[in-house]
Amino acid sequence: GFIDNDLFGKLTMMRKFRHVVHHGYGFSMDWEMIHEAMCDTPSIVESFLAVVNSYLARLEDTQASN
């Protein structure tokens, strides 16, 4: 519940990319997709970390007020 649809879609794209690379489908790699994934990765990871840190901060605030 704390990841919005936009970030979820981006993480799904990264998961699919990882699946292709991990399973060695080198014969069907789309080099444009690889380049796009590599360029987008830093900002997606930053967004993910920001969302997780925000969620954890809210949990800490909730626990502190109880």
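Contact here means heavy atoms within 4.5 Å. On that basis, the cover over the buried residues of helix 1 includes helix 2, and the cover over the buried residues of helix 2 includes helix 1, residues 5–22. The model is predicted.

**Helix 1**

- Helix 1 is made up of 18 residues. Its first and last C-alpha atoms lie 25 Å apart, close to the 26 Å expected at 1.5 Å a residue.
- The residues Leu7, Thr12 and Phe17 are buried in helix 1.
- Among the residues of helix 1 that make the contact with helix 2 are Leu7 and Phe17, and both of these are buried.

**Helix 2**

- Helix 2 covers residues 31–65, a run of 35 residues. At 1.5 Å a residue it should span 51 Å, and the distance of 51 Å between its end C-alpha atoms therefore agrees with expectation.
- A bend of about 40° occurs in helix 2 at Thr41. A proline, Pro42, follows within four residues of that position.
- The buried residues of helix 2 are Ile34, Ala37, Ile44 and Val52.

**Packing of helix 1 against helix 2**

- The two helices pack at an angle of about 130°, and their axes are 10 Å apart. That angle makes helix 1 oblique to helix 2, because angles over 145 degrees count as roughly antiparallel and those from 65 to 115 as roughly perpendicular.
- The crossing of helix 1 and helix 2 is left-handed.
- From helix 1, the contact is made by Leu7, Lys10, Leu11, Met13, Met14 and Phe17.
- From helix 2, the contact is made by Met33, Ile34, Glu36, Ala37, Asp40, Thr41, Ile44, Val45, Ser47, Phe48 and Val51.
- An α-helix has 3.6 residues a turn, so residues three or four places apart point the same way.

**Individual residues of helix 2**

- Met38 lies in helix 2. Its relative accessibility is 53%, so Met38 counts as exposed, the cut-off for that class being over 50%. The C-alpha atoms of Met38 and Val52 are separated by 22 Å, with the two residues 14 apart along the chain.
- Arg58 is also part of helix 2. With 47% relative accessibility, Arg58 counts as partly exposed. Between the C-alpha atoms of Arg58 and Ile44, which are 14 residues apart along the chain, the separation is 21 Å.
- Thr62 is found in helix 2, and at 45% relative accessibility it counts as partly exposed. Thr62 and Val51 are 11 residues apart in sequence, and their C-alpha atoms are 17 Å apart in space.

Definitions and conventions:
Residues are numbered from 1 along each chain as its sequence is written. This is a predicted model: local features need pLDDT of at least 70, side-chain atom pairs count only at pLDDT 80 or more; totals for chains, interfaces and linings use all residues. Side-chain values use heavy atoms; hydrogens and water are left out. The expected span of a helix is 1.5 Å times one less than its number of residues. The bend at a residue is the angle between axes fitted to the seven residues ending there and the seven starting there. Buried means under 20% relative accessible area, exposed over 50%, partly exposed in between (1.4 Å probe, protein chains only). Axes are lines fitted to C-alpha atoms, for helices over the stretch in contact, and angles run from 0 to 180 degrees between N-to-C directions. Angles under 35 degrees count as roughly parallel, over 145 as roughly antiparallel, 65 to 115 as roughly perpendicular and the rest as oblique. A crossing is left-handed if the near helix is turned anticlockwise from the far one by less than a right angle, and right-handed if clockwise.
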